[in-house]
Amino acid sequence: MTKEIVIERINNFLVEEFEVDESVIKPTASLQETLELDSLDYVDLVVVIENNFGFKVTGEDFKSVTTYQDFYDLIFEKVSAQ
């Protein structure tokens, strides 16, 4: 799976599942601020990632994620490792 496909799938589920305005999804934008995630939302995000990509992520995985680019890189790294 290419990085472009990973990014497209992530953006699609963020718009659909989390009702994020597509215009705020930019590589340098803050994931936390634009998604307004609380702890329950992170659980939902983990489930959506598992459903879309077939692997689990943990809270530890998210410690270094601050921007959309960080998030894309994390998911792409996990997809590539499968």
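## Where α3 meets α4

L45, I49 and F53 in α3 meet F71, I75 and V79 in α4. Contact here means heavy atoms within 4.5 Å. By class, this meeting has six nonpolar residues, no polar ones and no charged ones. Ala, Val, Leu, Ile, Met, Phe, Trp, Tyr, Cys and Pro count as nonpolar; Asp, Glu, Lys and Arg count as charged; the others, Gly among them, count as polar.

This is a predicted model, where local features need pLDDT of at least 70 and side-chain atom pairs count only at pLDDT 80 or more, while totals for chains, interfaces and linings use all residues. Residues are numbered from 1 along each chain as its sequence is written, and side-chain values use heavy atoms, with hydrogens and water left out.

The axes of α3 and α4 are 12 Å apart, and the two helices pack at an angle of about 45°. Axes are lines fitted to C-alpha atoms, for helices over the stretch in contact, and angles run from 0 to 180 degrees between N-to-C directions. Helices are DSSP runs (H or I, at least four residues), numbered from the N terminus. α3 and α4 are therefore oblique to each other. The crossing of α3 past α4 is right-handed.

## Where α1 meets α3

Helix α1 covers residues 3-18, and helix α3 covers residues 39-53. Their axes come within 11 Å and cross at roughly 135°. α1 and α3 are therefore oblique to each other. α1 passes α3 in a right-handed crossing. On the α1 side, the contact uses V6, R9, I10, F13, L14, E17 and F18. On the α3 side, it uses D41, D44, L45, V48, I49, N52 and F53. The residues of this contact divide into nine nonpolar, one polar and four charged.

Take V48 as one example. V48 sits in helix α3. V48 is buried, at 10% relative accessibility. Buried means under 20% relative accessible area, exposed means over 50%, and partly exposed lies in between (1.4 Å probe, protein chains only). Leaving aside neighbours within four places in sequence, V48 is in contact with F13, E17 and F18. T34 is 14 residues from V48 along the chain, and their C-alpha atoms are separated by 17 Å.

## Where α1 meets α4

The axes of α1 and α4 are 10 Å apart, and these helices pack at an angle of about 120°. α1 and α4 are therefore oblique to each other. α1 passes α4 in a right-handed crossing. From α1, the contact takes K3, V6, I7, I10, N11, F13 and L14. From α4, it takes Y68, Q69, F71, Y72, D73, I75, F76 and V79. Eleven residues of this contact are nonpolar, two are polar and two are charged.

N11 lies in helix α1. Is N11 buried or exposed? At 15% relative accessibility, N11 counts as buried. Apart from neighbours within four places in sequence, N11 is in contact with I25 and Y72.

## Salt bridges

How many salt bridges does a search of the whole structure find? It finds three. A salt bridge is a side-chain nitrogen of Lys or Arg within 4 Å of a carboxyl oxygen of Asp or Glu. Side chains of opposite charge can pair when their charged atoms come close.

D73 is partly exposed, at 30% relative accessibility. K3 is partly exposed too, at 29%.

Another salt bridge joins D61 and K78, at 3.3 Å from N to O. This pair also links distant parts of the chain, 17 residues apart: D61 is in the loop between α3 and α4, and K78 is in helix α4. D61 counts as buried, at 18% relative accessibility. K78 counts as partly exposed, at 26%.

K63 forms a salt bridge with E60, and the closest N and O atoms are 3.6 Å apart. K63 is exposed, with a relative accessible area of 63%. E60 is exposed as well, at 54% relative accessibility.

Conventions:
Parallel < 35°, antiparallel > 145°, perpendicular 65-115°, else oblique. Left-handed = near helix turned anticlockwise from the far one by under 90°.
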